[in-house]
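Please read this note on side-chain packing with the model open beside it.

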Amino acid sequence: MRNPAPPAAAPLIGITLDSEEPGGYSKFPWYALRQNYCSAVTAAGGIPLVLPHEPGAVPAYLDLLDGLVVTGGNFDVDPALFGATEKHDTVKTKSARTDFEWAITRGMLDRDKPVFGICGGQQLLNVVLGGSLIQHIPDAVADALPHEQPNPRDQAGHTVAIAAGTRLHAITGAAELPVNSAHHQAVDRVAPGAVTDAVAPDGVIEGIEHPGYRFCIGVQWHPEFFISEGDRKLFAAFIEACRR
């Protein structure tokens with residue numbers, strides 16, 4: 001009798017960090033990341049590896065990693081990167097973070113390695129692919145929902161409609177998902193070749209995907225909180241794509 005095949009090696013998943021200036025946790029600059037980004041990757045079968053903003057390390061990371069999670073955080077993508085000539089007063093840029101995330105995201109896509117953008121990570125992914133952003137939802141969307149929800153982030157803030165025929169729909173098996181909401185920006189012009197796969201009731205784009213890559217999905221909510229079974233399925237599908 002043949003022995004069963006050994007399980008596939010757990011894929012190594014890079015997770016980007018946020019950065020903060022001195023104050024609060026430390027009197028010196030410091031990195032920040034909620035623990036559940038790592039625990040969600042681990043629960044889905046991956047090995048998380050957090051990534052400091054070291055541009056010189058990008059080529060080594062690209063060789064090492066099987067997949068990339070671009071996280072959210074207390075930052076905005078510089079509007080100049082998507083051709084805007086003005087910057088809204090609420091926009092907070094972090095050039096070192098964005099430069100690093102741009103380089104590693106572009107590198108992973110060029111190698112057709114899976115990329116999963118979450119919240120601000122979805123926004124960066126859309127811009128890297130050639131799209132643009134709404135700089136401040138309350139000023140751009142009439143009758144907008146409170147996308148910076150007042151209730152805790154481990155609870156739903158609203159629902160999203162999942163577009164039939166998209167990969168997100170195939171993964172979640174749902175036409176609608178409850179999601180949390182912690183953002184003031186959103187996708188405006190969807191990048192060339194990418195498609196919208198999730199939309200909030202007020203019309204704000206909540207998910208994008210690019211069918212030209214092995215796995216290239218961004219969501220505006222935080223699925224690492226596992227609010228729904230769809231969130232768990234999304235992480236599972238990402239990790240499975242990273243095994244191939």
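The points below cover the model's basis, its cores and its aromatic pairs.

1. This is a predicted model, in which local features need pLDDT of at least 70, side-chain atom pairs count only at pLDDT 80 or more, and totals for chains, interfaces and linings use all residues. Residues are numbered from 1 along each chain as its sequence is written, and side-chain values use heavy atoms, with hydrogens and water left out.

2. A nonpolar core here is a set of buried Ala, Val, Leu, Ile, Met, Phe, Trp, Tyr and Cys residues joined through side-chain atoms within 4.5 Å; buried means under 20% relative accessible area (1.4 Å probe, protein chains only). The largest has 30 residues, and Val69, Phe116, Phe215, Trp221 and Phe238 touch the most other members. Seven of its residues, the largest share, come from α7. Helices (H or I, at least four residues) and strands (E, at least two) are DSSP runs, numbered from the N terminus.

3. Phe116 and Phe215 are both buried. They form an edge-to-face aromatic pair, 6.1 Å centre to centre with 80° between the planes. Ring centres must lie within 6.5 Å to pair, and planes over 60 degrees apart count as edge-to-face. Phe116 lies in strand β6 and Phe215 in the loop between β12 (205–209) and β13, so the pair ties together parts 99 residues apart in sequence.

4. The ring centres of Phe116 and Phe235 are 5.2 Å apart with planes at 70°, so this pair is edge-to-face. It links strand β6 to helix α7, 119 residues apart. Ring pairs join Phe116, Phe215, Phe226, Phe235 and Phe238 into a cluster.

Methods:
Buried < 20%, exposed > 50% of the residue type's maximum accessible area, 1.4 Å probe, protein only. Phe/Tyr/Trp six-rings, centres within 6.5 Å; stacked < 30°, edge-to-face > 60°.
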